[in-house]
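Subject: Model handover and findings

Hello,

Here is the model we discussed, followed by notes on what turned up in it. Please read the notes with the structure open.

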Amino acid sequence: MISVVIPAFNEEIIIAETIENIDSVLRKQKTKYEIIIVNDGSTDRTEEILNNCDDIILINRNMNRGYGFSIKEGIQKSTGDFILIIDADGSYPVDEIPNLISESSSYDMVIGERSGKNVSIGLLNRFGKLILRLLIYFLSSIWIKDINSGLRIFKKELILKYWSIIPDGFSLTTTLTVASLLEKHEIKFIPIDYYERIGKSKIRP
């Protein structure tokens, strides 16, 4: 059973298409799944659109609490043994999901590493990610190409193990990656493309 958790904040342009594409891919997999959308206090038409979507578990929140908080809330609502997270903005390739799923039975976490042929990351963000990777290497002697990819699948028990230190912000993925590597969990990185997001970015460099 796979629980797909998707945080959404002001994604009226792309949210319906994202859900449709993910559902289409998962229907072809030989596994049960559920799609959980966490509407993180959107001020546009995101909530209205989600209320008209079938076959999803919807969590609506009036106040914006952040990326990590939304994912954690979705996980608490989930019933699957595996959690798959992906952004709602169309930046991650949905067609890579089957590759991640196929590897998940052999690893504690499978991460989509943004190192494919088409990767759209701004210069400022690239610089910030490099600094972060250097800092983590200095602290742990582990060099990680993509520390905070938002497309990954992992055992639910893995994130529950570190629940007390998982933050509510964007650093959820970074914290989970570093903690898992330091404690020698089995992790695999799969190169993927990364597209320019649709709509306005919520990241503050």
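In which loop does K184 lie? K184 is in the loop between α7 and β7, where helices (H or I, at least four residues) and strands (E, at least two) are DSSP runs numbered from the N terminus. More on that residue follows below.

Two remarks on how to read the values. This is a predicted model, in which local features need pLDDT of at least 70 and side-chain atom pairs count only at pLDDT 80 or more, while totals for chains, interfaces and linings use all residues. Residues are numbered from 1 along each chain as its sequence is written, and side-chain values use heavy atoms, with hydrogens and water left out.

Overall fold

The chain has 7 helices and 7 strands, and along the sequence they follow the pattern β-α-β-α-β-α-β-α-β-α-β-α-α-β. Its radius of gyration is 16 Å, close to the 17 Å that the globule rule gives for 205 residues, so the chain is as compact as a globular protein of that length. That radius is taken over C-alpha atoms, and the globule rule is 2.2 Å times the number of residues to the power 0.38. Along the principal axes, the C-alpha atoms fill a box of roughly 50 × 35 × 35 Å.

Of the 205 residues, 48% count as buried (buried means under 20% relative accessible area, exposed over 50%, partly exposed in between, with a 1.4 Å probe and protein chains only). Among contacts (heavy atoms within 4.5 Å) between residues at least 6 apart in sequence, 74% join residues at least 24 apart.

The sheet

The 7 strands form an open sheet in the order β3-β2-β1-β4-β6-β5-β7, with mixed pairing. Two strands pair if DSSP finds at least two bridges between them. Strands β3 (57-61) and β7 (187-194) stand at the edges with a single partner strand each, so one side of each has no neighbour in the sheet. From one strand to the next, the twist averages 20° (axes are lines fitted to C-alpha atoms, for helices over the stretch in contact, and angles run from 0 to 180 degrees between N-to-C directions).

Strands of a sheet pair through backbone hydrogen bonds, either parallel or antiparallel. Strand β5 (residues 109-119) takes part in both senses here. With β6 (residues 152-155) the pairing is antiparallel over 3 bridges; M109 stands opposite F154, and the bridge partner of I111 is R152. With β7 the pairing of β5 is parallel over 7 bridges, and G112 stands opposite I190.

In strand β2 (residues 33-40) sits N39, which is buried at a relative accessible area of 0%. Its contacts, leaving aside neighbours within four places in sequence, are A8, T46, E47, L50, L58, I59, N60 and R61.

Rings and charges

How many aromatic pairs does the structure hold? There are 2, where rings of Phe, Tyr and Trp (its six-membered ring) pair if their centres lie within 6.5 Å, and planes under 30 degrees apart count as stacked, over 60 as edge-to-face and the rest as tilted. One of them joins Y67 and F170, with ring centres 5.3 Å apart and planes at 15°, so the pair is stacked. Y67 is in helix α3 (residues 67-77) and F170 in the loop between α6 (156-161) and α7 (172-182), 103 residues apart. Y67 is buried at 12% relative accessibility, whereas F170 is partly exposed at 43%.

Two charges sit over rings, by the test that NZ of Lys or CZ of Arg is within 6 Å of the ring centre and within 35 degrees of the ring normal. R65 lies over the face of F69, at 4.0 Å from the ring centre. K72 lies over the face of W163, at 5.8 Å.

Loops and backbone

Most residues other than glycine have a negative phi. K184, not a glycine, has a positive phi of about 65°, and K184 is exposed at a relative accessible area of 68%. N10 also has a positive phi, of about 55°, without being a glycine. N10 is in the loop between β1 (2-8) and α1 (15-27) and is partly exposed at 23%.

E12 also lies in the loop between β1 and α1 and is partly exposed, with a relative accessible area of 32%. Beyond neighbours within four places in sequence, E12 is in contact with D44, R45, T46 and I49.

Regards
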